[in-house]
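Here's a walk through one protein chain, from its overall build down to a few individual residues. Have the viewer open and follow along.

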Amino acid sequence: RQDGKDVGEFCPVLYRRTRFMVEESGTYWLSSKPWDPGSLGWDGCLPRICTWIRLRCRQSGATLLFSNVHLDHQGIQARVEGISLVVQRMRERGRGCALCLVGDFNTFPGTQPYARVLDAGFVDCRIVSNSGHHGPAHTFTGFQQGGRASTIDYIFVHSNGLAGIHVLSHGVLSEVWDRGRLPSDHRAVVSDLWLPTRATLRDVEIVWNEGGNEVSVTGSFTEWTQPVPLHKDDDDVFRAHIHLVPGTTHQYKFQVDGEWRCATDQPVVSDDQGNLN
């Protein structure tokens, strides 16, 4: 992170070559000059980096943009601005593929940097895991067994309009070495993910036939973050095709010329906040 070559720490990404092929990869600095090696960001104490890689599965063709980040341990603004830069670049680089963001965030759940990630449409794998969480609750130990501990390391995912990443499991490993020695001041965070491919998805047509000039649809299938545009055909009917996991149920809502609307010829339900979808 100091010179962009050999000096300073790395944020490596390891992958299985027999399973994945690399489409592109790189490293940038969490600063106002992200391509300037060693640049210090905002009120940060040290230069901080994010290493990213775009992978394609050799068997299924599914693509994943994976980022490993290390936020500053002292600078509050550096953490907020740094993670904002990361999620922005992931959305720009990750069009057409699922997103996975991991690393040492040096921040607790509920803080502003954590909220920035959720606001960008990511979900915390600990919370949405199909099998719950296993292992210790905390990830940072400072090499102390039973001492002060905290949760500052995370795995986040974003389906990015691909009908959802299934988080099968999430855990924090508790292994120790001889005589109770911890292998690191951070515990390893692990998660098993399943990424649906177009071969496993069902093509679903969404239709709006109640007029308008510009129509889009947003729903739980994109975690309510990415509008899907509908296109008008020769019969003045707006249509869009999305790919969903068979057997899943989703809520959605149309945006017609800037106004949120429900279709009168389709079922309507109320969500937990009382909104009609």
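This is a predicted model: local features need pLDDT of at least 70, side-chain atom pairs count only at pLDDT 80 or more; totals for chains, interfaces and linings use all residues.

Residues are numbered from 1 along each chain as its sequence is written, and side-chain values use heavy atoms, with hydrogens and water left out.

Let's begin with the overall build. The protein chain has three helices and 16 strands; these are DSSP runs numbered from the N terminus, with helices (H or I) of at least four residues and strands (E) of at least two. Along the principal axes, the C-alpha atoms fill a box of roughly 70 × 40 × 40 Å. The chain runs to 277 residues, and 42% of them count as buried (under 20% relative accessible area, with exposed meaning over 50% and partly exposed in between, using a 1.4 Å probe and protein chains only). Contacts here mean heavy atoms within 4.5 Å. Take those between residues at least 6 apart in sequence, and 67% join residues at least 24 apart.

Now for the spaces. On a 1 Å grid over the protein atoms alone, a cavity is a set of points where a 1.4 Å probe fits but cannot get out, whereas a pocket is an open set with protein on both sides within 12 Å along at least five of seven lines; lining residues have an atom within 4 Å of a point. Grid points are joined across faces, edges and corners, and a volume is the space filled by probe spheres set on the points.

The largest pocket has a volume of about 1,300 Å³. It is lined by 43 residues, and the closest to its centre are Leu14, Phe66, Cys100, Val102 and Ser191. Strands E2 (49-57), E3 (63-70), E4 (98-104), E7 (153-158) and E9 (189-194) each supply at least two residues of that lining. By class, the pocket lining divides into 25 nonpolar, 11 polar and seven charged residues. In this scheme Ala, Val, Leu, Ile, Met, Phe, Trp, Tyr, Cys and Pro count as nonpolar, Asp, Glu, Lys and Arg as charged, and the others, Gly among them, as polar.

How many cavities of 30 Å³ or more does a search of the whole structure find? There are two. The largest cavity has a volume of about 50 Å³, and its lining consists of Leu30, Gly41, Gly44, Leu46, Arg48, Leu71, Asp72 and Ala78. The second largest cavity comes to about 40 Å³, with Tyr28, Trp52, Leu65, Ser67, Arg89, Met90 and Arg93 around it. Helix H1 gives the largest share of this second lining, three residues.

H1 turns up again in the largest nonpolar core. A nonpolar core is a set of buried Ala, Val, Leu, Ile, Met, Phe, Trp, Tyr and Cys residues joined through side-chain atoms within 4.5 Å. The largest one has 22 residues, of which Val86, Leu101, Phe105 and Phe122 touch the most other members. E2, E3, H1 (76-93), E4, helix H2 (112-119) and E7 each give two or more residues to this core, and H1 provides the largest share, five. Another core lies apart from it, with 14 residues, among them Val215, Val228, Phe238 and Leu244.

Thr27 sits in strand E1 (residues 20-29) and is partly exposed, with a relative accessible area of 30%. Beyond residues up to four places away in sequence, Thr27 touches Trp35, Ile49, Cys50, Thr51 and Trp52. The side chains of Thr27 and Thr51 are joined by a polar contact of 3.0 Å (a pair of N or O atoms within 3.5 Å; within protein, one must be able to donate a hydrogen and the other to accept it, and residues adjacent in sequence count only if both atoms are side-chain atoms).

Ser129 is in the loop between helix H3 (125-128) and strand E6 (133-134), and it is buried at 10% relative accessible area. A polar atom of the Ser129 side chain lies 3.4 Å from the backbone nitrogen of His170. His158, in strand E7, is buried too, with a relative accessible area of 0%. The His158 side chain reaches the backbone oxygen of Ala120 at 3.3 Å.
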